[in-house]
Amino acid sequence: MQHIAYLMASLGVSQLVRISVNGTPTERVVEARTTLADFLREELDLTGTHVACGHGVCGACTVLLDGASVRSCLMLAVQSDGHEVTTVEGLAGDDGELHVAQRAFAEEHGLQCGFCTPGFLITTAEIVGEGVELSRAEIRERISGNLCRCTGYQNIVTAVETAIALQRDGAAGGAPRA
Ligand code: FES
Ligand code: FES
């Protein structure tokens with residue numbers, strides 16, 4: 001299936017994509033070569049998904065696909081057809097209540113410029129959704145696919161610890177819209 005998507009992309013073919021984005025069913029005809037990141041940002045105006053390296057290194061473009069984190073700069077939009085995508089805009093509840101990951105990053109000052117933050121929040125949402133307890137070393141391993149040029153990571157690791165604790169203690173705001 002993946003090779004067919006890449007063949008169509010190379011031929012400049014357009015295709016109908018039907019996906020659920022942050023709980024909203026969405027249909028668009030897109031060029032097959034359009035990445036999921038560009039689709040989200042340019043077609044749907046969901047610019048919270050950031051693009052930095054554009055080739056799978058930095059994690060700024062991380063979104064959830066059916067609950068699992070993926071790098072949206074490495075996926076074609078057509079490959080997400082039929083799936084559920086959650087972006088950083090979909091983490092807070094409909095009533096505006098912040099997701100535990102967002103609360104934790106705010107409380108622990110887990111950001112400086114904020115460019116990397118959407119990717120870290122999505123990765124953290126995936127972690128807390130698993131309901132696991134992780135050591136700081138294990139947290140570092142889990143977030144190793146997300147790069148931050150500002151913070152030195154200490155507060156980010158603490159924020160992930162706090163998000164896990166908030167989730168464990170039953171704070172509201174732990175389930176992203178999908
Ligand atoms: S922009 Fe996708 S991993 Fe860097
Ligand atoms: S807060 Fe600036 S890159 Fe992470």
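A helix here is a DSSP run of H or I at least four residues long, numbered from the N terminus. Keep that in mind as you go, and remember that this is a predicted model.

**Stop 1: the end of helix 6.** Select Gly-170, which follows helix 6 and has a positive phi, near 85°. Now step back into the helix itself, residues 154-168. Helix 6 is 15 residues long and spans 21 Å from first C-alpha to last, close to the 21 Å expected at 1.5 Å a residue.

**Stop 2: what helix 6 hides.** Colour its buried positions: Ile-156, Val-157, Ala-159, Val-160, Thr-162, Ala-163, Ile-164, Leu-166 and Gln-167. What covers them? Show helix 3 (100-107), helix 4 and helix 5 (136-142), which are among the elements covering these buried residues.

**Stop 3: helix 4 against helix 6.** Two packed helices are described by the angle between their axes and the distance between the axes. For helix 4 and helix 6, the axes come within 10 Å and cross at roughly 35°, and the crossing is right-handed. To see the contact, select Phe-120, Thr-124, Ile-127 and Val-128 on the helix 4 side, with Ile-156, Val-160, Ala-163, Ile-164 and Gln-167 on the helix 6 side. How many of these contact residues are nonpolar, polar or charged? Seven are nonpolar, two are polar and none is charged.

Stop 4: Next, bring up the five strands: they form an open sheet in the order 2-1-5-3-4, with mixed pairing. Its edges are strand 2 (24-31) and strand 4 (68-71), each of which pairs on one side only. On average, neighbouring strands are turned by 40° against each other, direction ignored. Keep helix 4 (residues 117-129) on screen too, as this helix packs on the sheet and touches strand 3 (62-65) and strand 4. The direction of helix 4 makes about 35° with that of strand 3.

**Stop 5: one strand pair.** Zoom in on strand 1 (residues 14-21) beside strand 2: the two run antiparallel and are joined by eight bridges. Pick Ser-20 there, and you will find Pro-25 of strand 2 opposite.

**Last stop: the whole chain.** Zoom out and follow the protein chain from the N terminus: its elements run α-β-β-α-β-β-β-α-α-α-α, making six helices and five strands. Of its 178 residues, 42% count as buried.

Definitions and conventions
Residues are numbered from 1 along each chain as its sequence is written. Chains are lettered from A and ligands numbered from 1 in the order in which they are written. This is a predicted model: local features need pLDDT of at least 70, side-chain atom pairs count only at pLDDT 80 or more; totals for chains, interfaces and linings use all residues. Two strands pair if DSSP finds at least two bridges between them. Axes are lines fitted to C-alpha atoms, for helices over the stretch in contact, and angles run from 0 to 180 degrees between N-to-C directions. Two residues are in contact if their C-beta atoms, placed from the backbone, lie within 7 Å. A residue is buried if 20 or more other C-beta atoms lie within 10 Å of its own, exposed if 12 or fewer, and partly exposed in between; C-beta atoms are placed from the backbone. A crossing is left-handed if the near helix is turned anticlockwise from the far one by less than a right angle, and right-handed if clockwise. Ala, Val, Leu, Ile, Met, Phe, Trp, Tyr, Cys and Pro count as nonpolar, Asp, Glu, Lys and Arg as charged, and the others, Gly among them, as polar. The expected span of a helix is 1.5 Å times one less than its number of residues.
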